[in-house]
Amino acid sequence: MSSAVSVGVEHAERRQSLNSQTEKKVFYIELLRVVAAVAVIAIHVLGPYRYLMGEIPQSDWVSAIAINGASRWAVPVFIMITGALLLSDTRPFSPGYFVRRRVMKVFVPFVAWSVFYAILAGISLQNVNWSETVQRLTSFPTEETYYHLGFFYYFIPLYLLVPILRPVAQRDDPGLFYALLGSWLVLSAARLTGISLGLVEDFVLYGGYLLLGYVLHQNKLPLKWLLFIGITALVATEYTAISESVSNNQYTSAGWFSYKTLNTVLIAGMVFGFCQYWAERVSEPIQRKVAAVSRHSLGIYLVHPVFLWPVRELTFTPGMTWLTIPLVTLAVFVLSYMASVGLSKSRFTSWLVP
């Protein structure tokens with residue numbers, strides 16, 4: 001009898017341990033969503049500063065560019081999260097369910113917000129220009145109606161890769177998976193040298209982040225190596241972009257701020273791995289708060305340009321960028337979160353912020 005009880009306790013402890021590990025995995029994904037949303041907003045806050053070289057103190061311009069370079073991992077991390085979750089899903093793949101619950105859940109709000117931002121683009125503090133709105137709506141099938149919506153033009157097509165890559169990722173023999181991952185890394189390195197893949201470039205080079213997200217989700221790599229490689233890539237990125245701009249006397253990232261190059265891949269991998277380790281050290285009350293914000297990460301992404309509109313219309317570019325950019329970023333993040341929460345509370349608007 002005591003033996004049976006002992007076995008039962010052992011199984012219960014094992015299940016509890018597995019559940020704890022699962023919660024940690026889920027939480028680090030929640031944490032990644034939040035930090036990536038903050039980084040995206042920072043990129044858009046500092047946007048106007050990039051082209052003020054020579055018009056503002058050089059220290060302010062360098063600070064803005066440094067923040068830009070340190071935030072370029074944000075969009076790749078969003079794609080990596082998708083790869084981590086969808087490629088590791090072992091449930092039978094249902095095309096109907098996938099399209100209805102995954103693709104359309106993103107596509108429908110994207111269309112609605114595209115119309116909204118086409119209207120906003122025609123409004124300025126001086127007048128209302130409906131021809132601008134019409135022009136943007138006419139170009140909508142191939143071009144975003146507002147700067148932040150370009151993400152969806154390469155993200156939504158990546159859903160087509162999921163049913164292809166999932167069985168490859170879950171094969172007993174990982175050879176093909178790692179061959180694809182290695183090939184992608186080579187291509188991202190080639191892109192850094194200026195080589196273009198033409199029409200399939202976005203599909204291939206953004207698609208590789210699905211693979212990277214999956215492999216880091218399944219295999220916890222040594223943090224010290226991720227930090228060494230990632231920080232080295234970050235320093236090289238910052239140095240090249242700033243030095244090239246100074247040499248040319250005008251802003252240029254020299255291709256190093258691209259989302260599709262090897263340096264950004266390495267930095268994104270570092271952030272992903274760092275959040276995996278950091279998540280284990282966050283207290284449960286903080287985890288719950290982060291998870292609550294994370295549920296609105298897509299809503300925050302979709303809404304935040306509304307609060308940046310007056311900033312850009314007023315050409316608000318104060319000095320001390322090392323401080324003002326983070327402060328404006330934080331303010332816009334909080335306002336966007338509140339707006340997303342508000343929209344989510346009504347059944348008539350909740351679909352806009354899935």
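Tutor: Leaving aside its neighbours within four places in sequence, Ile65 is in contact (heavy atoms within 4.5 Å) with Arg50, Glu238, Ile242, Tyr251 and Phe257. The model is predicted, so that local features need pLDDT of at least 70 and side-chain atom pairs count only at pLDDT 80 or more, while totals for chains, interfaces and linings use all residues. Residues are numbered from 1 along each chain as its sequence is written, and side-chain values use heavy atoms, with hydrogens and water left out.

Ile65 belongs to helix 2, where helices (H or I, at least four residues) and strands (E, at least two) are DSSP runs numbered from the N terminus. With a relative accessibility of 0%, Ile65 counts as buried; the classes are buried under 20% relative accessible area, exposed over 50% and partly exposed in between, for a 1.4 Å probe and protein chains only. Gly47 is 18 residues from Ile65 in sequence, and their C-alpha atoms are 9.2 Å apart in space.

Helix 2 also has a helical partner. Residues 58-69 form helix 2 and residues 321-344 form helix 14, and the two pack at an angle of about 45° with their axes 8 Å apart. Axes here are lines fitted to C-alpha atoms, for helices over the stretch in contact, and angles run from 0 to 180 degrees between N-to-C directions. Helix 2 and helix 14 are therefore oblique to each other; angles under 35 degrees count as roughly parallel, over 145 as roughly antiparallel, 65 to 115 as roughly perpendicular and the rest as oblique. On the helix 2 side, the meeting residues are Ser59, Asp60, Ser63, Ala64 and Ile67, and on the helix 14 side they are Thr321, Trp322, Ile325 and Pro326. By class, this contact of helix 2 with helix 14 has 5 nonpolar, 3 polar and 1 charged residues. Ala, Val, Leu, Ile, Met, Phe, Trp, Tyr, Cys and Pro count as nonpolar, Asp, Glu, Lys and Arg as charged, and the others, Gly among them, as polar.

The loop between helix 13 (297-313) and helix 14 contains Met320. Met320 has a positive phi of about 50° although it is not a glycine, and its relative accessibility of 45% makes it partly exposed.

Ala254 is placed in the loop between helix 10 and helix 11 (262-279). Its phi is near 55°, a positive value in a residue other than glycine. Ala254 counts as partly exposed, at 34% relative accessibility.

Helix 10 (residues 223-248) also holds Trp225 and Phe228, which are 3 residues apart and thus separated by about one helical turn. The relative accessible area of Trp225 is 51%, so Trp225 is exposed, and Phe228 is exposed at 52%.
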